Amino acid sequence: MQKMMVLIQGDFIAPRFDLATEVLIVRFEKGKVIGEPKMIIMERSSDEALCQMAVEENITNIICGGIEEVHYNFLIWKKVAVLDAVIGNWRTAVEKGVAGTLMQGEILPSTKDESLTL
């Protein structure tokens, strides 16, 4: 089983790791979500608290927007797969993250059904 931490702001991935106050934790295995995701609202933003939470919760994957190199390196050192620079709807990011198809730096549409038209 794996545990994913997703830093969110409203309907979107939080643009910065160090300013995120909404955290979604999703347990998943073999491309399927297990149980109900857990939402955590932090009293104030803290990159150190987020790193500590990732370690304490045994997080295996993190989806976030921008992250400072020191925190990125710490999480990688703790064997957490970090997909950073992700922009867009957090629900789509979770679906793709659980399926294993989310890429670092990916820009996602606002909703699942939305497509780009020129």
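**A chat about E57 and the fold around it**

Modeller: Setting aside neighbours within four places in sequence, E57 is in contact with K3, I25 and K38. Keep in mind that this is a predicted model.

Colleague: OK, and where is E57 found?

Modeller: E57 is in the loop between α1 (47-56) and β5 (61-63).

Colleague: Is E57 buried or exposed?

Modeller: Buried: the relative accessible area of E57 is 18%, and buried means under 20%.

Colleague: Let's zoom out. How many helices and strands does the protein chain have?

Modeller: There are 3 helices and 6 strands in the protein chain. Reading along the sequence, the pattern goes β-β-β-β-α-β-α-β-α.

Colleague: And why call the protein chain as compact as a globular protein of that length?

Modeller: Because its radius of gyration is 13 Å, close to the 13 Å that the globule rule gives for 118 residues. As for extents, the C-alpha trace spans about 40 × 30 × 25 Å along its principal axes.

Colleague: What share of the residues count as buried?

Modeller: For the protein chain, 42% of the 118 residues do.

Colleague: What about contacts between residues 24 or more positions apart?

Modeller: Those make up 44% of the contacts in the protein chain with a separation of 6 or more.

Colleague: Last one, charges. How many positive and negative ones are there, and how far apart are their mean positions?

Modeller: The protein chain has 12 positive and 17 negative charges, and their mean positions are 8 Å apart.

Notes. Residues numbered from 1 in each chain as written. Predicted model: local features only at pLDDT ≥ 70, side-chain atom pairs only at ≥ 80, totals over all residues. Heavy atoms only, no water. Helix = DSSP H or I, 4+ residues; strand = E, 2+ residues; numbered from the N terminus. Rg over C-alpha atoms; globule rule 2.2 N^0.38 Å. Buried < 20%, exposed > 50% of the residue type's maximum accessible area, 1.4 Å probe, protein only. Contact = heavy atoms within 4.5 Å. Lys, Arg positive; Asp, Glu negative; His and termini not counted. Charge placed at Lys NZ, Arg CZ, Asp CG, Glu CD.
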